[in-house]
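Try each task before reading its solution.

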Amino acid sequence: MTKILTRAGLAILAALIGVYLILPVLIVVPMSFSDSSFLSFPPGQMSLRWFHNILDDPIWIDSALASLKVALASSICAVVLGVLAALALVRGHIPFRNTITAILLAPLIVPYVIIGLAAYIAFLQLGLTQTTLGFVLVHTCLAVPYVVINVVAGLVSVDRRLEMAAMSLGAGPVTTFFKVTLPLILPSVLAGGLFAFFISWDEVVTAIFLSGPDLTTLPVQMWSGIRVQIDPTVAALSTLVLLVIFGSFIVLGLTRLIRQLARRRVTGPATNTGA
Amino acid sequence: MTAALETTSTQTSTGAPISINAVSKKYGDNTVLESVDLDIRAGEFLTLLGASGSGKSTLLNIIAGFTRPTAGTVKVDGRDITSLPPHKRGFGMVFQHYALFPHMSVADNVAFPLKRQKVAKAEIQQRVAETLELVELGHLGGRRPSELSGGQQQRVALARAIVFRPRVLLMDEPLGALDKLLREQLQLEIRRLHQEMGITFVFVTHDQDEALTMSDRIALLRNGRIVQLGTPEQLYAEPNCRYSAEFVGASNIFTGTVQGRSFIDDVSGQSYRLGEAADQSGRSLLVRPEHLNIAPADVPVPDTVEQVEAIVEDCIYLGSSRTVQLRTDAGQRLVARTNVPRTPDGVVSGARVHAYWDVRDACVLD
C-alpha cells in the first residue's frame, strides 16, 4: 500500500516538474494566435494575422534562413571535430588527457558574453563579423563540448575488442572506424549533432556581437524585434521555432520506432535454441 | 597486404611457424615479459598457460600485433613482423567475450574478413555458408549475435576467424565465459578443427585441464618468463620445478633436503628413500595423488615403498574415482586419488592409515 502511494507521489512530482519546465515555453503559443496588437495573456480573439505578418516581412525569412545555414554548418563541423576529439581522448594514448578534456569543455563554463566579446574583437580585425563563416566558427566552438560529451560516453561503452577483432580480420584503422566503431556510436553522434544544431539555432549572446545589417540570425532578430515593437509577431515566431524543435524530436523518435519494428520483422522473435 | 594475405588465398593453407626472440615488454618500471624465447612450430597447437598476470595475454597480443614489444622480435616464416600492424598480419583471432559485431548479422560477421580482401560476392556467400556449416550453425546466418547463446556466439567467432584461411589462429581464453559442459564440448571441437585445418594454433588459458586436453605443447608462464615448455605428458609427469608441479595437476609436495639417496622431510624429520633416477639436488619431493596409495593402519605395506602415517580427513566420491584427503601426524595435508573399486575398506573419515608410494614415482624438484 505504501509502495503504491510512494509510486503515485513520485508520478505526481514528476508531472509537476514537467509542467514547470514546459509551461513557460507553451504560454507563447496561445499568445501568438491572439487578435490583440499587444502581447497579452490570456489572448482574446483568435487570429492568424501575426503569422501572416511574418511571411510578409522578408526580414524574418532571411534571418531564419541565415540561422538554418549557420546551425547546419556549425553542427556538421562540431560533429566532425567532436568525434575526432572523442576518439583521441578515449582510444588514443595522449599525454595531458585531463588538460585537453578541460580545454575542450571550456566553452561550457566560460560565459557566452566573454566568448562573444572576444570573438567580436578578433573578428572585427579579420573582417569576419556579419559573415556566415564567423558565426559558424563561434557556434562550432560552443557546440563541440556537447558532441564530445555524448560521443565519449558512447565510445566508452563500445568494447575495444570489437575494434581489435576488426583489425585482426584485415580492416585497417579507417575501415575499422567506418565499419565497426561509427555504426556502434551512431546514436551518440546523432544526439551530439542534434544538441549542436540547437545550440546554434537558438544562440543569442554571441550572435548579438556578430550580427549586423549584413547578417542577423533569427534569435537576434527576435530579440531586437521585441525591443522595438511589442506586437505578437515574436510570439508567432516563437511558436514556429518550437514547432521546428518539437517536430525534429518527434521525427527522430518515429524513425527509431520504425527501425525497431523493421528489425523485429526481419529477424523474427528472438529464440535461444541452446548451443 | 603482402605475403601473409596472399598465402591465405591459396586453397591449401598450411600453418606458419612463429619465432619469438628475446621479447620483453615493460610498462614503466613494471616488467610484464622478460626476454621470452619461443619457437612455435608450423601447424602445432601451442598453449600459453599461466595465472593472471603471468604475461600470457601480453605475449599473445604481441604475436597478434596489438602490443609492441619493448625489445625483441617476432618472426613468421622467418620474416620479421615485429612492427607490422595487426590488419596486415593475416592471423585469425578469437576473443574471450566473442567480440562479434552486434550491428551485423551472423553471416555478415563471418563475411567481414572476406569483404576486406575484396573476395567476389558469390564466393563470399559460398565460403560463409561452408564455414558456418563447419561449426554447425548453417541455419543461423540471418540472426543477430545477440539472439544466440554463448556457445553459438563463440562458434560464430571461430567461423569468422577461420573463414579467410589464416595460417595462424590466435585464441585468448576463448572458452572462459562458457559453462563447464559447453567448454569441454568446444575443446574437442577446436581440437578437431585444428586437426582438419593443419594451421598453427596459439591458445591462451589459465585452465590447466584445458591446456592438457587440447595442446600439442604447453608453455607455462610465470612472472613474464616461460617456466617450462613441453608436451602435456612432459609437464605433468616431468615438471622441472615446484611451480610447474603445483600449477599443472594436483600434487603432494614435501619440503626438505636431499642427503645421499634419501630425502629428509623438514617438518616431520622423516627420511624417505629416493628412486634411481631422482635428482640429487632440490628442496621439494613431489608425489602425484594417483601415486599415493592408502592402506589401513593394521595392514602392513610392502618393502619397496615409502610411507607416512596419516588420518583420513575426508573421502570424496567422484564417480569413477575417490579423492581422499589426509593429514599426516606432522600436520601436512595430502591428497590421494584412488579408483573406486580399489579403495580399501576402512578408509573412512577419522581412520588411521598408511599413505605410501613407490620410490620410483616420487621426484625431487627445486
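**Exercise 1.** Find how far apart the centres of domain 1 and domain 2 of chain B are.

*Solution.* Keep in mind that you're looking at a predicted model. Taken over C-alpha atoms, the two centres are separated by 40 Å. To find the two parts along chain B, look at 3-237 for domain 1 and 250-365 for domain 2.

**Exercise 2.** Work out the strand order of the open five-stranded sheet in chain B, and name its edge strands.

*Solution.* Step one: read across the sheet, and you get E13-E12-E11-E14-E20, with antiparallel pairing. Step two: look for strands that pair on one side only, which gives you E13 (271-273) and E20 (363-365) of chain B.

**Exercise 3.** Zoom in on strands E11 and E12 of chain B and say how many bridges join them.

*Solution.* E11 covers residues 252-259 and E12 covers residues 262-265. These two run antiparallel, and four bridges join them. Now pick out B:Val258: across from this residue, in E12(B), stands B:Phe263.

**Exercise 4.** Describe the side of chain A that touches chain B: which helix gives the most to it?

*Solution.* Start with the count: 20 residues of chain A are in contact with 26 residues of chain B. Next, the helices: H8 (160-168) and H9 (173-201) of chain A each supply at least two residues to this side. H8(A) gives the most, with six residues. Finally, sort the chain A side by class, and you find eleven nonpolar, seven polar and two charged residues.

Technical notes
Residues numbered from 1 in each chain as written. Chains lettered and ligands numbered in written order. Predicted model: local features only at pLDDT ≥ 70, side-chain atom pairs only at ≥ 80, totals over all residues. Contact = placed C-beta atoms within 7 Å. Nonpolar A, V, L, I, M, F, W, Y, C, P; charged D, E, K, R; others polar. Pairing = 2+ DSSP bridges. Domains from an automatic or database assignment.
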